[in-house]
Amino acid sequence: LMFAFVTFGIVGMQLFGGRYSHQCQHDASRQFNLTGLCGPQYKCPEGYSCTDSNQNPNRGVTSFDNFAASCLTILNCMSLEGWFEICVYGMECTRSVSVIYFVLLIFICAFFIVNLVVAVIFTAYNEQREKKGKTFRTIKKREQIRRINAEVEATNILARLNRHERRQSSGSKKEVKLKSNLR
């Protein structure tokens, strides 16, 4: 994932660095036309010239002017939220071939890498669940063994009590016999 961010960030800075702030400026009033970007693909209308406005799209968030801004723009594209708008900005301020950059970015980063990250998280979750399940099964087996041991112990105690009662009852019968024989 980091490799993709670094690679696409550097390539994006080389292709689009400083170009997302180029807008049409009215020659007479020096006002910027904030409807879109200008460049080789999109020419300004008559009376306007393509100049640097120092203002990037989306309130300055979308740009490839430095590495941090390009990583933020790449993250925005990876989320598939507004990526096409960023692609259109790239096509307006450079050549149409820049769409290849964004298509590769979407296929490699958004689909492949995000699915890879989700698979790793899913695998780790399953491992933890299995580990917890084994622990739970071990605890359950220990409880069963304790219950069985308690039942066996109770059975042994009852058997001893029965034997003891039989001995006492047979002993009292012998005493009764002896007393009757003595009389």
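How exposed is Glu-143, going by its relative accessibility? At 37%, Glu-143 comes out as partly exposed, on a scale where buried means under 20% relative accessible area, exposed over 50% and partly exposed in between (1.4 Å probe, protein chains only). The model is predicted, so local features need pLDDT of at least 70 and side-chain atom pairs count only at pLDDT 80 or more, while totals for chains, interfaces and linings use all residues. Residues are numbered from 1 along each chain as its sequence is written, and side-chain values use heavy atoms, with hydrogens and water left out.

Glu-143 forms a salt bridge with Arg-146, and their closest N and O atoms are 3.1 Å apart; the term covers a side-chain nitrogen of Lys or Arg within 4 Å of a carboxyl oxygen of Asp or Glu. A search of the whole structure turns up one such bridge. The two residues sit three apart in helix α4 (residues 99–182), which means about one helical turn between them. Arg-146 is exposed, at 52%.

Turning to the aromatics, rings of Phe, Tyr and Trp (its six-membered ring) pair if their centres lie within 6.5 Å, with planes under 30 degrees apart called stacked, over 60 edge-to-face and the rest tilted. By this rule there are seven aromatic pairs. One of them joins Phe-64 and Tyr-101 edge-to-face, at 6.1 Å centre to centre and 80° between the planes. This pair links distant parts of the chain, 37 residues apart, and both Phe-64 and Tyr-101 are buried. Together with Phe-8, Phe-16 and Phe-102, they form one aromatic cluster.

Definitions and conventions. Helix = DSSP H or I, 4+ residues; strand = E, 2+ residues; numbered from the N terminus.
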